[in-house]
Amino acid sequence: MPACARPFGYVPRQTHECDAAVLVRRHLAEFLERCEERAGPLPAFVKAELEGFAGCGDFELGFVRTCCRSCGDELRVPFSCKSRGCCPSCMGRRMAGGAALLVDHVLPAVGYRQWVLSFPGPMAVRLGYDAPLLAAIAGRLARAVMQDMRRSVKQQHGLASVASLHAGVVTVVQRFRSDLGLYVHLHCLATDGAYEEQGDGELRFLPAPPPTPERMTAVLAQVHEVIRAADDDLDLDPALAACVQLSLAGPRLAPASQSAPPPMTLSAFGMNLHAATTADGRDRKQLERICRYLLRPPFAHDAVTALPGGRVRVSFKAPWRSGTAHADMDAHQFLARLCALVPPPGFHMTRYYGVFASHHRLRERVIPKPAAPPPPQLPLAFDPAESSPPSSPRPRRIGWAKP
C-alpha cells in the first residue's frame, strides 16, 4: 500500500445508489409521460432538476480524478447535479458551505433569536410559485422584526430615539415539511437586540427583552398588510399544479387544541409565528448548528426507503404531534412531491436585511473581521528569479491573477 494511502480514508458518498435516486431513475420516464398526457409537459426547470438528481454521482456522466505526486494514490469523485430543491447530497453541501459562510464572514458574536413564520393554509402553497409576493412578505417580516428590536431596545435602555439603532436579519425560505409536501415558510435569524451608533462613531450592541404576545401580534399585523394587498390571481403551469395537488395528499398534523402550544408561539391573521429559539453568538458551534438547520435539505439519503410493491416510505426526523413517524406513498406521488420542492429559477432562497445587507453602511464594521494572514514564509535557499530547485516540478497551472 502506498505510504500516504489510508485504509479508512475519504470515501465518496454513494448518491447514485440511494433509494431516492434509484426511484427517480426507474419511474421518471413514465411519470413525465403521464403528466404530459393529463396536464401537459412539466416546466423545463423542474424536469432538468429531476434528471440531474437521477444522474447525480454517476461516474458514467463524468468525474474528477486526483493523484498524489508522491505515492501515486488516486481518488475519483463523480460530478454532482448542483440541485436547489431535492438532492440531499448537493443541498447538504450547500448547507455546510452556507452555514460556514454565515458564521465566519457574516454573523458577529452577539445574541440571536430565530423567528419562524408559517402559513397553515393555501398561502403556504401559493408562495411556492408567487415569487413577488414571497419577496414582499420576506422583506416586510424582516423589517417588522428589526423595527420591533429597535423599539424594544429603546424602551429597555431608556434611549431618546431609535434613529441610532440598527438590527440585522438573515431570512431563509424553506419549501418542505417532514413528508416532503410543499409547505413554504420563513426562518429569520435576527439579532436579539440592536447596534447603537454613538456620537463618537463607536458601535455597541444592546440586547432586547424577549418578545411579548403584543409585540408578536404587531409583527404579524404588518405581514398581513402585504397579504391583504396582494392580487389573488396566480397563473400556475397546469402540469405543475397537478403535481402540487398530488403532493398535498397524505397524513396531517394533529389539531393544535390537543396539546399546549410551544412557548412564544402566536397564531393570528391566519399565520403562525414562533420566536422561542435563541443563540449566543459567542458560541460559534451552536450558531453554526442553527444555520445548518435553516439551510438543511428536505430529506437525508436514508430517510427515503423503497418498499415492496412500488411503495415509498419517507421517515421523519421526529414524530409529529399525532404520533406519525413516517409517510407511505406510491412512486408517482413521491416524484410529484419532488417536483413541488423545486424552487422557480431566479429567486434567492437566502436574503439579508439591515446591517447584514451588502449595501448597509455599517456592514463592514459589524461582520467578523477576516482571519489574520499566515506568517511570512522563511527565505528560500535559492533565488526563484534565477533558477528552480532540481526536484521542483513545473506547476501544471498558473494562477489566474498572474500575467
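This report describes the confidence, sheets and helix packing of a predicted model.

## Basis and confidence

Residues are numbered from 1 along each chain as its sequence is written, and side-chain values use heavy atoms, with hydrogens and water left out. Because the model is predicted, local features need pLDDT of at least 70 and side-chain atom pairs count only at pLDDT 80 or more, whereas totals for chains, interfaces and linings use all residues.

The chain has an average pLDDT (the predictor's confidence in each residue, from 0 to 100) of 86, and 85% of the residues score at least 70. Confidence is highest in strand 3 (residues 111-118), at 97, and lowest in strand 2 (residues 74-78), at a mean of 82. Over residues 394-403 the pLDDT is below 50, and this stretch has one contact in the model beyond near neighbours in sequence. Residues 253-258 stay under 50 as well, with four contacts (heavy atoms within 4.5 Å) beyond four places in sequence. Where pLDDT is low, the predicted coordinates should not be read in detail.

Helices (H or I, at least four residues) and strands (E, at least two) are DSSP runs, numbered from the N terminus. Six strands form an open sheet in the order 9-10-3-6-5-14, with antiparallel pairing; two strands pair if DSSP finds at least two bridges between them. Strand 9 (265-268) and strand 14 (350-354) are the edge strands, each with a single partner, so one side of each is left without a neighbour in the sheet. On average, neighbouring strands of this sheet are turned by 20 degrees against each other, direction ignored.

Strand 3 and strand 10 (residues 271-280) run antiparallel and are joined by seven bridges. Gly111 stands opposite Asp280 in strand 10. Helix 5 packs on this sheet, touching strand 3, strand 5 (168-176), strand 6 (182-191) and strand 14, and its direction makes about 30 degrees with that of strand 6. Helix 6 lies across strand 3, strand 9 and strand 10, at about 125 degrees to strand 10.

Strand 7 (residues 193-197) pairs with strand 8 in the antiparallel sense over five bridges, and the bridge partner of Glu197 in strand 8 is Leu203.

## Helix packing

Axes are lines fitted to C-alpha atoms, for helices over the stretch in contact, and angles run from 0 to 180 degrees between N-to-C directions. Helix 5 (residues 131-157) packs against helix 6 (residues 213-229) at an angle of about 150 degrees, with the axes 9 Å apart. That makes helix 5 roughly antiparallel to helix 6 (angles over 145 degrees). Residues in this contact include Leu133, Ala136 and Ile137 in helix 5 and Arg215, Val219 and Gln222 in helix 6. The contact residues divide into eleven nonpolar (Ala, Val, Leu, Ile, Met, Phe, Trp, Tyr, Cys and Pro), four charged (Asp, Glu, Lys and Arg) and three polar (the others, Gly among them).

Helix 7 (residues 238-247) and helix 9 (residues 331-341) pack at about 115 degrees, with their axes 8 Å apart. Helix 7 contributes Leu240, Cys243, Val244, Leu246 and Ser247 to the contact, and helix 9 contributes His332, Gln333, Ala336, Arg337, Cys339 and Ala340. Seven of these residues are nonpolar, three polar and one charged.

How values were computed:
Angles under 35 degrees count as roughly parallel, over 145 as roughly antiparallel, 65 to 115 as roughly perpendicular and the rest as oblique.
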